[in-house]
Amino acid sequence: MRTGFRLGAVVVSVLLAIAVPASASEMPKRGGTLTYMIPADAPPSFDGHQEGTFAMLHATAPFYSTLIRVNPENPSSPTDFVCDLCTEVPQPAGEGDTYIFKLRPGVKFHDGTPLTAADVAASWNKIISPPEGVLSPRSNWFMMVDKVEAPDPSTVVFRLKFATSAFLPALADPFAFIYKKETLDRDPQWYKKNILGSGPFKFVAYETGQSITGVRNPDYYHPGLPYLDGFTGIFADKQATRLDAIRSDRAAAEFRGLPPSARDELTGALGDRIVAQESDWNCGSMVIINHKRKPFDDVRVRRALTLGIDRWQGAPALSKIANIRTVGGIVFPGSPLAATKEELQQIAGFWPDIEKSRAEARRLLKEAGAEGLSFELLNRNVDQPYKYVGTWLVDQWSKVGLNVTQRVVPTGPLLEAQRSGNFAVNSGANCHGVVNPLLDIQFFLPASVGIANYGQYEDEKEIALYNRMLRETDPSKQRALMREFEKYVVDTEAHQLWVAWWYRIIPHRSYLKGWKISPSHFINQDLATVWLDK
Amino acid sequence: MYRYIISRILLVFPTLIGAAALVFLLMRLVPGDICLVRLGSGGTSFTQQALATCHAEIGIDRPWILQFFDFIWGMARLDFGKSMWSGKPVIMEIATRFPISLEVAIMATIIAVVIAIPLGTISALKQNTWIDLVVRTFSIAGLATPAFWLGIVSILIVLDVTQAVFGHPWMPPIDYVPLWQDPIRNLSIVMLPALTIGYRYAAVSMRMTRSAMLEVLREDYIRTARAKGLVRRLIINRHALKNALLPVVTVIGIEFAFLLGGLVVTEQVFNLNGIGRLMVLSVQNQDYTLTQALVMVVVTIAVLSNLVVDLFYAWLDPRIRLA
């Protein structure tokens, strides 16, 4: 039955197969310079350990190495991890709490100095336990790590506090660049303004807020790579500019994601000179409910909100105009931990019969004394897909008698309202890089342990359930716990509502080869395998 | 005259301090802060500790009053501090962008002057003829058309026309190079935005030239010149146009000052990394130091151009300086 629900993933694979014909059988050509658009303004800094924006990654990932990574030949798989700097992805030793990595010999930083285990350990220690005054926004992903050691120049050992299957995917974090220990010891902030890695390209120039340039690293440790002589990334936050640039061949692609209309515009204008790769996106739209605002402290009202939404009809309709497509639970649809369609249809809000669902919503609202309830839906002032989803939600809730008005605000005020609890209901999003469901669902944990839950609630039972799941290493038991957790947070308690998964569309010039779409705009951006067929 | 000049110059300082206080306060009244935007805008999660570290790093955890005194003291020393977003000195951030905005402003001004003065003059001389009607329609269209819309449309027209003619859509490069590095590439980048902005700018100046010319042409001294038997060309060039240009020059000066910081949307449309785009970015990111500095730069330019205009008027018209 799970196969049935994987229909979305199968469709994506078929689309990919059609979109990228015979890419595997083509012989890569060497040379050329790739120009691509970075759909953002300049990042705050170049330090991957300190930043969370793709603008930084799309500009600097080609300069750096990571210890392990998502397989660049198979990036759509949520479970395929391969070595970058290591020689083999290790099986856990001890009681599943020790990982010993052997490093490739002969790897050098771009200044010619050798990269050793000490550099890897120093980089990871900076991420996991940053020095005073140094940011590390993702340090919480590594709460399972006890220490990182470098017993000899070619060995790195991660000792965990407890065994968990969340560790390896977390280790493939594309932001986890390997820096020089000597430099970090001297100034842990040095990498904010400087670039020195060991990746496929060497840094050449950065024009503030305008572009970044790199050239091939002739000493790159993956034989034969990279294929390109160099690249230029151009920052442009306006979609129209990026589309015009791709259309006029000033740039070959952008790698974040464009709406369906943009894909259609480009393919309409350029025909077979444009190829579109598409994938489910490890980002999704959700509804955050402030439990401290009445009547949303009443679980009946929260359940009515989710029951009023027709996801099965709405997501396909939205997919025609917005970056939304697949209906799924709280786990990325391609993951082994994701719910099947049948499992999902047992959860409130995902029932197959929308009339039955809405009747139950009206009954719950009446029982809670919240018939005809009026409230404000706070939303982010971003078109794709926030405003589309927000407008659709307003319409969906009107069908169960709710009077909802939407208020869109810029990012800063939105985040402030979320953190201070100055909202009733918020149409938000949850976005991740490497598919790692055990960490991705931290958004649903109460604020005392979760880092970005703005629902203003506490729930000991939920935390206990999560901790059991995090430490469970048996896949089938873990999956069962995930079902229990999912049912609990989005149905039984309806703490927050999951709406639908985003859909990533990358139209690019057909001469751009070797780049494969992944479920995240954060991963597979080092450009080592990219080549130009012209 | 000197007392007038000194009093006008002294008025600049309270104006600047008032503007500084206003921008400082307004920026902080907007909910949220730069750390939230930096850490959370991608929809990703971050720790409370990361947020606190970020606040401490850029100093916005300190009381407002201390931040304000730092800002004013820095301003007095022409040191606006570092951008909270990039960590680079604000002066450097502005200096990187200023030449692009300046170049576009100069080119747009040249285009505007070249279009506006001849057409405005002809329109006045041919008042109520079909020529006047065409010129007025052209100028009203320029006033009514937003520059950013014209920019978007002009790019699309270039793309569509080149695709139809050559089979491959073409547009100017989007990665800026300075004029002295590659003049042709630079001009091909800057020409379209300069034309787009110059059109609106020309429309304003054209209207002003026409009305000023019409007014001057009815003056007694023009009638006297005609009665003296002066040739028409001399009357227009030496007596009428010269006097009519005074308000036009004022408009051109003020518009030029506006262009140096006001091309907020147009720079976005053409992906020009200028002062206007930097302003949008700094406000979006809630980068207090950079926004404050940019507003102060724009205010200073506006205040100084007003000062120059005031002094210019005083020099021209003794009634002002003696009042």
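This is a predicted model: local features need pLDDT of at least 70, side-chain atom pairs count only at pLDDT 80 or more; totals for chains, interfaces and linings use all residues.
Q: What is the mean pLDDT of chain A?
A: The mean is 92, and 95% of the residues of chain A reach 70 or more. pLDDT is the predictor's confidence in each residue, from 0 to 100.

Q: Where does pLDDT stay under 50 in chain A?
A: Over residues 1-23 of chain A. The model has 27 contacts beyond four places in sequence for that stretch. Two residues are in contact if their C-beta atoms, placed from the backbone, lie within 7 Å.

Q: OK, sheets. What is the strand order in the six-stranded one?
A: The order is 12-16-11-15-13-14 in chain A. The sheet is open, with mixed pairing. Strands (E, at least two residues) and helices (H or I, at least four) are DSSP runs, numbered from the N terminus. Two strands pair if DSSP finds at least two bridges between them.

Q: Which strands stand at the edges there?
A: Strand 12 (324-326) and strand 14 (403-409) of chain A. Each has a single partner strand, so one side of each is left without a neighbour in the sheet. The twist averages 40° from one strand to the next.

Q: What does strand 12 of chain A pair with?
A: Strand 16 of chain A, antiparallel, through two bridges. Ile324(A) stands opposite Trp502(A) in strand 16 of chain A.

Q: And strand 11 of chain A: how many of its residues are buried?
A: 15 of its 16 residues, 274-289, are buried. Buried takes 20 or more other C-beta atoms within 10 Å of a residue's own; exposed takes 12 or fewer, and partly exposed is in between, with C-beta atoms placed from the backbone.

Q: How many bridges join strand 11 to strand 16 of chain A?
A: Twelve, and the two strands run antiparallel. Val287(A) stands opposite Leu497(A) in strand 16 of chain A. Strand 11 of chain A also pairs with strand 15 (residues 425-431) of chain A, antiparallel, over seven bridges. There, Gly284(A) has Asn430(A) as its bridge partner.

Q: Which helix lies across strands 11 and 16 of chain A?
A: Helix 9 (residues 260-270) of chain A. Helix 9 runs at about 20° to strand 16 of chain A.

Q: What about the five-stranded sheet, what order does it have?
A: 7-8-9-1-10 in chain A, open, with mixed pairing. Strand 7 (201-207) and strand 10 (253-254) of chain A stand at the edges.

Q: What joins strand 1 to strand 10 of chain A?
A: Two bridges, and the strands run parallel. Tyr36(A) has Ala253(A) as its bridge partner in strand 10 of chain A.

Q: Strand 6 of chain A next. Which residues form its covered face?
A: Val156(A), Phe158(A) and Leu160(A). The uncovered face has Thr155(A), Val157(A) and Arg159(A). Strand 5 (residues 145-152) of chain A pairs with strand 6 of chain A, antiparallel, over five bridges. A hairpin joins strand 5 to strand 6 of chain A through two residues.

Q: Switching to chain B. How many helices and strands are there?
A: Chain B has 14 helices and zero strands. Buried residues make up 38% of its 323 residues.

Q: How do helix 5 and helix 12 of chain B pack?
A: At an angle of about 135°, with their axes 8 Å apart. Axes are lines fitted to C-alpha atoms, for helices over the stretch in contact, and angles run from 0 to 180 degrees between N-to-C directions. The two helices of chain B are therefore oblique to each other. Under 35 degrees counts as roughly parallel, over 145 as roughly antiparallel, 65 to 115 as roughly perpendicular and the rest as oblique.

Q: How many residues of chain B are in contact with chain A?
A: 42 residues of chain B are in contact with 47 residues of chain A. Helix 2 (34-40) and helix 7 (147-166) of chain B are among the helices that each supply at least two residues of that side.

How values were computed: Residues are numbered from 1 along each chain as its sequence is written. Chains are lettered from A and ligands numbered from 1 in the order in which they are written.
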